Amino acid sequence: MDSGPLRKILDLERQRDYTDSAVFGGLDRFLRNWSDQAVASAVGPRLLKRFRQLFNTSYAVMTREQRRQWVNDVLDFLDNVESKDSVTRLPVASPSAPPSGKKVSPKAKKPPAPAGGHVLDSPITVVRGISTSLTGKFGKMGVKTVRDLLYFFPHRHLDYSQLKFISQLAEGEEQTIVANVWQAHESMLGGRRGTEAIVGDETGNIRVVWFNQPYLARKLATNTRIMLSGRVSLFKGRHVFQSPEWETVESQDFVHTARMVPVYPLTQGLRPRQVRKLMKEFVDRWVGQVTDFLPPELRNRLDLLELTTAISQAHYPEDEATKDKARIRLAFDELFLLQLGVISKKRDWQESRPGSPFDIKRPVVAEFIKSLPFTLTAAQDRVLTEILADLEESRPMCRLLQGEVGSGKTVVATAALVIAAANGYQGAFMAPTEILAEQHFVTVCELLSGVGQEEGEGYLKSYSGLSSRPLRVALLIGDINQARKRELQQQIQEGDIDIAIGTHALVQKGVEFHRLGLAVVDEQHRFGVEQRSALREKGFNPHMLVMTATPIPRTLALTLYGDLDLSVIDELPPGRQAVKTKWLKPQQRESAYVFVRRQVAEGRQTFVICPLIEESEAVVAQAAVVEYERLSQEVFPDLKLGLLHGRLSAGDKDGVMERFRSGELDILVSTPVIEVGIDVPNATVMLVESADRFGLSQLHQFRGRVGRGQAQSYCMLLAENPSEVGRERLDIIENVQDGFQLAEEDLKLRGPGEFFGTRQSGLPDLRMAKLSDVALLEMARSEAINFFQIDPGLKKPEHHLLAQEMARVWAGAAEWS
């Protein structure tokens, strides 16, 4: 029984709390027209008797409670009739006018979509309605297959589900009305042809205009009953609907109005209405081809929607609550598959080849810690305990060590390297640049200098006092002459060097270790699976400690680095001064320069950061090259300035940095290459140009470049005309010193893609998951860990579909870490 319009009217009556206002002229008038036709087709005395009981009554005289009961009874009756197919398909009267007698043809049944799961990987040209031209347009948005199109979700929905009378319309809100078209005609609107109409319901009339759509005047015949959804504006004191979505009430399935209406991403040549209509027909026809890969036990236990329902509801949800349930299911899928992938990599790293368990020689650790000129913080103690526990295991350690600049990560790493040496293993300490490698060499040597006598010079030093033979530390970088480099490589290969410090080249070309047991890697996002594979190829499966000074929120760390256990040094050493931070207005620029000059006069140094290398009309930001010339010629002609940017050769960069570190330069003008790791204790001022163009985490990294010495340090942020989000960022950085708190705020303001500046290669797409979904992420991780305990290879029959989906999702993704 085609009861669609009656059901819609009864649903509207429910929404309006049974006030007999769903239909112009009252429900009784509509029911007389409808029941006169329907009763002729009722089959069987029992159904006919029940039909007459329900419809030979007056809705207008009922109480509200009686109306509620009657509506429920009628809907139950319709369900019963349709399930038994006891009533033939009937012509349906318009809600606002007597029946015309014109027969309404039943909708043609849609042909089923082609069968078989493989069809989801077919090009979208197999979808009815998608031409070659449309294929190219969807292709620009990354939609190439049927599966891509099913997962081409709207970026938001307009809630047109709340119906109102014309008299209830409010300016600026998204609203829906049911109205009769009184007149519609072509009109000149803003100098261009469009359509103007007057529509009305029992509470009043309203003007409707559609810009650039003159053809609508022919479609909107007088007395047509339509749904209108959109925003209402005020024009000359009267409400006007401007270019609303519309459909006739006779529509069997509302697409553009009277529901949660999807807003899809578009590209040139695609129109919203066109894409909505196409997607509705496509999803209805094809979603049945999707196989739910989540085991039913897991889905039921977590109360998740079935996959086909979730996809349908993500496109065209029944209501806000169902939309949320759909997003949760689809977001869980993404995070669960992501966690299964990273945990699988961790398992492969740890279990495919046994590691080397260390004997934690407590006296050696105690002697090293006792020799330090400071006491470890509670956070350093805690993290060192976690690392030593990992080193005792036969499975190789995979740990990410997070800590603010200056929190003391290097001390903890050095303690681990000392234990490796005490066990007869070598340690490799790798940094992303030669400047940082050299810096680590100096730091490690300083930390070891208290344990006993230091011998050697330049790139090779040895320290007695920790074990029966001296501990030997070497630096291997490009600056070393070839003969000396070959000599050091030979000593590493023969096992004479205990700790080798360098760049990632240490594990790649030309360097062979005798017995590598621990690899320490600085700045995780610059070191990936390729380097790990290189270690494997050399025949080693060392313990791995990865360090980063970038404060990464826990949710992001678990998502991006889920194959690493997490340790956090969340405490700075005592006496470390906070860097005083000030957001300066443009008119305060001169006073900033006066302050810089005063600091230089006191023997201090200054960083100046600019976001771009060359001028760009599109982005109003100071270019480092231009700024360097301006500062050195006009502002500080008597001071010594240096310039550092990404287009300099590695040798030139190192040369500039060395001159700054040695105190030869007063001011270093730089692009953001300065962000990671540079340690110049004498630098006390960080001046950031166009500070509103950077994220909070980046600004915090810049700020961490100063405050490394004893003197009070300062961070000054200049912004010409920041946006609202830019102002919010600058307010936060001015008042918050805690890097992790800033990282959380940054994630909220910018999202994960922008958080890192560049997209993490190989990370499966997150279309629905948000990294603010902490509970969902933790649940996905917990379930993934559980799966690997129960069925490590996903070999059980009930996990077959999940294993297939894992292979599909991760097959195209470059390995990342």
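Nine strands make up an open sheet with mixed pairing, in the order β11-β12-β13-β14-β10-β15-β16-β9-β17. Its edge strands are β11 (454-457) and β17 (565-569), each of which pairs on one side only. From one strand to the next, the twist averages 15°.

The model is predicted: local features need pLDDT of at least 70 and side-chain atom pairs count only at pLDDT 80 or more, while totals for chains, interfaces and linings use all residues. Residues are numbered from 1 along each chain as its sequence is written, and side-chain values use heavy atoms, with hydrogens and water left out.

Terms for strands, helices and angles:
- Helices (H or I, at least four residues) and strands (E, at least two) are DSSP runs numbered from the N terminus.
- Two strands pair if DSSP finds at least two bridges between them.
- Angles run from 0 to 180 degrees between N-to-C directions, with axes fitted to C-alpha atoms, for helices over the stretch in contact.

- Strands β9 (residues 398-403) and β16 (residues 543-548) run parallel and are joined by five bridges.
- L400 stands opposite V546 in β16.
- Helix α15 (residues 434-448) lies across β10 (426-430), β11, β12 (460-463), β13 (471-476), β14 (499-502) and β15 (516-522), and runs at about 165° to β13.
- Helix α16 (residues 482-494) lies across β10, β12, β13 and β14, at about 135° to β13.

**L401**
- L401 lies in strand β9.
- L401 has 0% relative accessibility and therefore counts as buried (buried is under 20% relative accessible area, exposed over 50%, partly exposed in between, with a 1.4 Å probe and protein chains only).
- Leaving aside neighbours within four places in sequence, L401 is in contact (heavy atoms within 4.5 Å) with residues including V383, V412, V546 and I569.
- The C-alpha atoms of L401 and D565 are separated by 8.6 Å, although these residues are 164 residues apart along the chain.

**The six-stranded sheet**
- A six-stranded open sheet has the order β18-β23-β22-β19-β21-β20, and its pairing is parallel.
- β18 (580-584) and β20 (641-644) stand at the edges with a single partner strand each, so one side of each has no neighbour in the sheet.
- The twist here averages 15° from one strand to the next.
- Strands β22 (residues 683-688) and β23 (residues 714-718) pair in the parallel sense over four bridges, and the bridge partner of M686 in β23 is C715.
- Helix α23 (residues 724-735) packs on this sheet and touches β18 and β23, its direction making about 155° with that of β18.

**Nonpolar cores**
- A nonpolar core is a set of buried Ala, Val, Leu, Ile, Met, Phe, Trp, Tyr and Cys residues joined through side-chain atoms within 4.5 Å.
- The largest core has 75 residues, of which L391 and L448 touch the most other members.
- Helix α14 (residues 409-422) gives the most to this core, with 10 residues.
- Not counting residues up to four places away in sequence, L448 touches F368, T414, V418, Y463, L466, L471 and V473.
- Another core, of 59 residues, lies apart from the largest one and has W286, F293, L294 and F787 among its members.

**The largest pocket**
- On a 1 Å grid over the protein atoms alone, with a 1.4 Å probe, a pocket is an open set of points with protein on both sides within 12 Å along at least five of seven lines; lining residues have an atom within 4 Å of a point.
- The volume of the largest pocket is about 1,300 Å³, counted as the space filled by probe spheres set on the points, which are joined across faces, edges and corners.
- Its lining has 45 residues, and G406, G408, T443, D679 and R708 lie nearest the centre.
- α14, α15 and α21 (650-661) are the elements that give two or more residues to this lining.
- The largest share, eight residues, comes from α15.
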